[in-house]
Amino acid sequence: MKTLKLIMPIGLIIFSVVFLFASLNLPKANLGNPYGPIYFPLGLSILMLIFSVIFFIQEFKKINEPNNDIRLMLSGRTPKLILFTIAAGLVYAFLFEPLGFLYSTMIFLGALLFFINGSKKWLVNIIVTVSFSFISWYAFSQLLGVSLP
Amino acid sequence: MDISSFLDGLSIAVQPINILWIIVGGFLGTIVGMLPGLGPATAVAVLIPVTFGMNPVSAIILMAAIYYGAMYGGSRSSILLNTPGDGSAIAATFDGYPMAKKGQAGEALAISAVASFIGGLIAVVGFIFLAEPLANFALKFGPAEYFLLMLLTLSAIVALSIGKMVKGFLAMMVGLALSTVGIDTQTGVYRFTMDIPHLSEGIDFLIVIIGVYAIGEVLYNFLNIDKQKKEKKKVGKVWFTKEQWKRSKWPILRSGPLGFIIGVLPGAGGSIASMISYTSEKQISKRTEEFGEGAVEGLAAPESSNNAASVGAMIPLLTMGIPGSGTTAVMLGALIMLGLRPGPLLFEQQPETAWALINSMFIGNLALVIINIALVGLLVKILDTPAKVLYPIIVLLAFIGTYTLSYSVIDFFLLLIFGLFGLMMKVMDIPIAPLVLALIVGTDMEQNFRMAVLSSNGSLGVFFSSGVSIGLVILTVLSLCYPLIVKLAKRKKNMSEDEDQVYKSS
């Protein structure tokens, strides 16, 4: 748990370094100042590196102070809920076009409701899933003119 | 003020379709704002897709209605459940919740709605007088001034996240970094697109916004999902007594203008406005000891103030195209999407849009006070709807909204990435507003900087060449010293707990 606190600062340090090298490798412009597109990202990546190192040091110094949010994030069914929502989102992305909006949305919303709201409340879950899928389909594709698959 | 454009605007605002949007937006905004943990920025972000396909005037009217609807809604959950939707509703818990506990829930809801209404009205009047002169002033701005103004806004919003400035700066820099992805408009160079064609137009900031505000907030709310309290509140008659009105009248009238001015300032929004109003009313009150125990003026003052601030925050957005807060940054993103570019030229080229919005604020505040008093029974019932049902719906809306941006499921992956990123930011207590603000102004900021330097043949002296630019530089430096000043003041006199609380939340 303690090391989890350092994930964000380390991630940001890595991001800054990658960003720094990517900025150095940017193609030169044929128009105007050849280094025009490079200055801003380059300066930014250097500043970002400095600040993320400071962030790392700050977090490292208080590594023994408990972070209540991290504790909550890892306790009870919270980690499962977070992972399930992300996984369901990924599945939704793959089903969205092949199955079409209505069916994929019912699966997605139904899955989220059964997992988050619990299967004991199955009746509410089914009613909300079916009615909300239809309402959103009608509202977006018919009223707002969004073309849905 | 130009009477004929005012009347033109009024005639657009009272078109039945726009009145309908005001009511729909106000109502939807109230509902999302009422959800514990979700505030106006989330409300606007989730409901953005509703505005697609609308004409820009109706869209901005709708979004503004969602915005202040969410402000009204935020105080409902503060008063009834003691769980503020966002920073600007925190002050409403100090005396609103104790009032509800004493059995005065109805009175508290009524006074908060009326105070919000009056605060909103005062701010709209201020808006009318301040917006046009400010737009005319901004017309004289060149690239250097624009760059500095954006820099000031960013540094102000970072500086106001007291105690976490390093994190604030990092959030800002990530936002700026994301804004550099895509084709550089001055030279045509592809930057950081990783050869993915989808990225050549840049990362759509609306995906980031919906990701961090909608998905990120819902994931964050999973942390406490099984601990949310069930409280049945008897609301009773929703109106206040003469005595309560007498006590609240002046605090409301004092807090409105104060909140408005704070709202106009870059970086400071409803949270700061409501907190300052609360503490100043507490200081001048003869009943200081009642504050925190359910003093009606302790609820009325911040409510008037935060609503006034939300109107004030629209001024820099409309007149200069520069958002001063997270929520207005989200609105700017949506407006750009719709092809409406707010800025000083808006009042010259499309006065009817600007004035229609201003008039719609009058109507919207009126509609909201009616919704919040007449429909209070319905709203309390909605508040009883388990969050476990509403969170999946918000997640779904976020996905649909993302899809409507460019009809591509690739964006779903980006949405999930930014959702997780938003969750981690919340968990690590990194402020989100600087990220969103930087992402939206980032491209313009870089381009203005380069244009300014180009126009002066590479000299940085251009940033010190006019009175306005020197003033902006001084303000930026001062804003960055502000946390230091607060620290010194704190050491001298121990700061009250109320103020501490807002800094933690903002």
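Colleague: What share of the 506 residues of chain B count as buried?
Modeller: In this predicted model, 62% of the 506 residues of chain B count as buried.

Colleague: And what is the secondary structure of chain B?
Modeller: Chain B comes to 22 helices and two strands. Its radius of gyration is 22 Å, close to the 23 Å that the globule rule gives for 506 residues, so chain B is as compact as a globular protein of that length.

Colleague: What does the C-alpha trace of chain B span along its principal axes?
Modeller: The trace spans about 65 × 55 × 50 Å. As for how the chain folds back on itself, among the contacts in chain B with a separation of 6 or more, 80% come from residues 24 or more positions apart.

Colleague: Let me pick one residue: where is Tyr403(B), and is it buried or exposed?
Modeller: Tyr403(B) sits in helix 18 of chain B, which covers residues 387-406. Tyr403(B) counts as buried because it has 22 C-beta neighbours inside 10 Å, and the cut-off for being buried is 20 or more.

Colleague: How far is Tyr403(B) from Leu345(B)?
Modeller: Along the chain Tyr403(B) and Leu345(B) are 58 residues apart, and their C-alpha atoms are separated by 32 Å.

Colleague: Switching to the core, how many residues does the largest nonpolar one have?
Modeller: The largest nonpolar core has 212 residues, and those with the most contacts inside it are Val44(B) and Ile61(B). Helix 6 of chain B, residues 105-139, gives the most to this core, with 18 residues. This core also draws at least three residues from each of domain 1 (4-67) and domain 2 (78-143) of chain A.

Colleague: Which residues is Val44(B) in contact with, leaving aside its neighbours within four places in sequence?
Modeller: With those neighbours set aside, Val44(B) is in contact with Met63(B), Ile66(B), Tyr67(B), Thr327(B), Val330(B) and Met331(B).

Colleague: You mentioned domains in chain A; how far apart do their C-alpha centres lie?
Modeller: The C-alpha centres of domain 1 and domain 2 of chain A lie 38 Å apart.

Colleague: And how many residues does each chain put into the contact between A and B?
Modeller: Chain A gives 52 residues to the contact and chain B gives 45 residues. On the side of chain A that touches chain B, the largest share, 12 residues, comes from helix 2 of chain A. The residues on that side of chain A divide into 38 nonpolar, 12 polar and two charged.

Notes
Residues numbered from 1 in each chain as written. Chains lettered and ligands numbered in written order. Predicted model: local features only at pLDDT ≥ 70, side-chain atom pairs only at ≥ 80, totals over all residues. Contact = placed C-beta atoms within 7 Å. Helix = DSSP H or I, 4+ residues; strand = E, 2+ residues; numbered from the N terminus. Nonpolar A, V, L, I, M, F, W, Y, C, P; charged D, E, K, R; others polar. Buried ≥ 20, exposed ≤ 12 C-beta atoms within 10 Å, placed from the backbone. Rg over C-alpha atoms; globule rule 2.2 N^0.38 Å. Domains from an automatic or database assignment. Core = buried A, V, L, I, M, F, W, Y, C linked by C-beta atoms within 7 Å.
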